[in-house]
Amino acid sequence: MTLNPFAYLEQPFGHLADLINAHSINQPDRIALDDGEEKLTWAETAALVNRVAAQLQADGLKKGQAVSILGTTTIRYAIAYLGAIVAGGCAAPLTTSATPKQLANMMADSGAMHLFVDSAKRAELFDSGIDLPPLKHVMMDAAEGDAPLMYDWMAAEGAAPADTDVGPKDPFNIIYSSGTTGTPKGIVHSRQMRWYQMAVGENSGYGQPGQVSLFSTPLYSNTTLGIFVATVAYGGTSILMRKFDCQRWLELAQENRASHTMLVPVQYQRLMDFEGFDDYDMSTFTHKYCTSAPFSAELKAEVIKRMPGGLIEIYSMTEGGVVCILLAHLFPDKLHTVGIAWGGSEVITVDEDLNRLPPGEMGELVGRSQTMMSGYQNQPEKTEEASWYDENGDRWQRMGDIGKVDDDGFITLMGRSKDMIISGGFNIYPRDLEEALMAQPGVADAAVVGIASRQWGETPVGFVVAEEGASLDLDALKAATNAELGKTQRVSELHLIDELPRSHIGKILKTELRDMAQPATTVPVG
């Protein structure tokens with residue numbers, strides 16, 4: 001029997017489970033997942049995904065209920081993620097760089113009853129002393145105490161989940177945003193959103209028969225998930241790296257004859273700087289993607305020149321809104337832009353009072369598309385803050401960027417309306433870091449800005465003002481502050497100044513702070 005997964009994808013809505021089972025029948029011996037230590041065919045992948053899904057249902061997982069996943073990107077992480085979806089649940093991947101307190105907040109907020117976790121992260125959670133929600137722990141690498149190994153815990157061989165009645169509006173996944181205190185925002189993506197992303201993927205090379213995708217960004221990131229889900233949908237092979245390393249990435253690309261990859265700009269920069277880059281055969285690449293951070297025109301030009309295959313930049317947000325695509329290899333005169341609205345997306349600009357601006361005028365970008373989030377988990381007020389409504393009452397997503405659209409429809413970003421920092425492809429919100437600095441003894445005032453970094457794209461730099469009579473040890477202050485922050489959020493440099501520059505209405509002049517960030521007065525990363 002042969003099942004046609006592409007016929008499924010031509011439907012307005014369908015289920016990832018049908019595609020996975022179709023691939024296990026049509027191409028049972030093709031490699032589906034490879035993380036360097038384990039390798040699974042499509043037949044083996046479908047069997048394991050179904051067994052995990054069946055056991056989740058047996059444990060009482062309800063339709064749309066979250067399944068938390070925490071650990072290094074491996075085959076078993078991918079199986080847990082897909083199993084949650086096939087069971088009718090909602091995958092809630094958690095960032096490994098978050099603090100134990102952040103992670104506990106995310107687990108509680110998601111409403112999960114299961115946590116798939118690896119030994120390193122479980123030990124970190126327990127050693128922290130933080131009170132954890134009462135989730136059932138399922139180990140992805142080795143059984144520990146009363147926490148069973150996933151392959152022992154799951155349903156018996158040959159088991160399959162019961163059919164679910166999930167529909168387009170039911171949640172597919174929750175992606176948690178940054179945050180150092182309280183509950184980070186959980187961005188909910190519907191099953192319709194992901195289905196649309198899969199169904200239209202072929203038009204941009206997102207998913208193709210025979211695709212071999214090389215992943216070096218983590219599976220808890222939406223950056224990775226867009227390409228990963230499309231690769232699964234079209235029956236491709238996913239090569240999963242636990243951690244990015246230039247030489248190993250090049251070896252894997254050559255050995256596996258990779259056709260697709262997703263990298264953030266800082267990874268492209270490191271590859272271009274790698275001494276042996278030109279010694280590797282990259283000729284099998286057909287599509288290279290980039291997203292998540294500013295991508296300079298100069299770097300795009302170098303990648304186009306030195307790496308075969310098309311270079312496609314994607315501009316959007318985890319929350320959705322407009323999706324822009326720049327086919328950089330086809331538009332060498334538009335490398336300073338992020339491309340044009342794609343796949344039915346729409347984008348306009350609004351002024352400071354949120355009034356619609358005429359075409360071509362610079363303003364805050366707002367957009368709408370088929371890939372917009374359903375909203376923030378349990379935070380409707382935050383959903384409203386991030387929304388803009390047109391004259392028909394239709395909701396658009398505020399993108400948080402200032403930009404303009406040229407006569408050809410290409411969008412140029414002029415700056416961020418909020419001073420978000422993007423370091424290594426991860427969003428860092430200065431306010432989180434500023435609050436952590438202000439909580440330290442002896443600090444009267446603090447501000448954080450992002451400055452250019454060849455290694456990270458951007459890096460956060462802090463400025464502090466001492467309380468009257470206080471003497472600040474900047475090294476100790478930086479260490480104490482960073483201990484309260486997630487690994488991707490940490491302040492890289494600190495400056496001690498007499499007072500923060502402010503406008504006449506009291507607004508901190510962050511442009512002046514960026515100009516003041518000189519290496520001679522910097523405390524280096526410890």
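Which helices and strands do the buried residues of H11 pack against? I will come to that after a word on the model.

This is a predicted model, where local features need pLDDT of at least 70 and side-chain atom pairs count only at pLDDT 80 or more, while totals for chains, interfaces and linings use all residues. Residues are numbered from 1 along each chain as its sequence is written, and side-chain values use heavy atoms, with hydrogens and water left out.

pLDDT is the predictor's confidence in each residue, from 0 to 100. The protein chain averages 89, and 93% of the residues score at least 70. Over residues 520-526 the pLDDT is below 50, yet this stretch has 17 contacts in the model beyond near neighbours in sequence. Contact means heavy atoms within 4.5 Å.

Back to H11, residues 265-273. Helices (H or I, at least four residues) and strands (E, at least two) are DSSP runs, numbered from the N terminus. Buried means under 20% relative accessible area, exposed over 50%, partly exposed in between, with a 1.4 Å probe and protein chains only. In H11, 7 of the 9 residues are buried, so the helix is largely enclosed by the rest of the structure. Those residues are Pro265, Val266, Gln267, Tyr268, Gln269, Leu271 and Met272. They pack against helices H10 (246-255) and H12 (297-306), and against strands E11 (260-263), E12 (287-290), E13 (310-315) and E25.

Strand E25, residues 457-466, holds threonine 459. Threonine 459 counts as buried because its relative accessibility is 10%. Its side chain is joined to that of serine 492 by a polar contact of 2.8 Å. A polar contact is a pair of N or O atoms within 3.5 Å; within protein, one must be able to donate a hydrogen and the other to accept it, and residues adjacent in sequence count only if both atoms are side-chain atoms.

Next, asparagine 173, in strand E7, residues 171-176. With 0% relative accessibility, asparagine 173 counts as buried. Its side chain makes polar contacts with the side chains of histidine 189, at 2.9 Å, and arginine 194, at 3.0 Å. Leaving aside neighbours within four places in sequence, the residues in contact with asparagine 173 include Tyr81, Cys90 and Ile187.

Last, a helix pair. The axes of H2 (residues 16-26) and H4 (residues 75-86) come within 9 Å and cross at roughly 120°. Axes are lines fitted to C-alpha atoms, for helices over the stretch in contact, and angles run from 0 to 180 degrees between N-to-C directions. Leu16, Ala17 and Ile20 in H2 meet Leu82, Ile85 and Val86 in H4.
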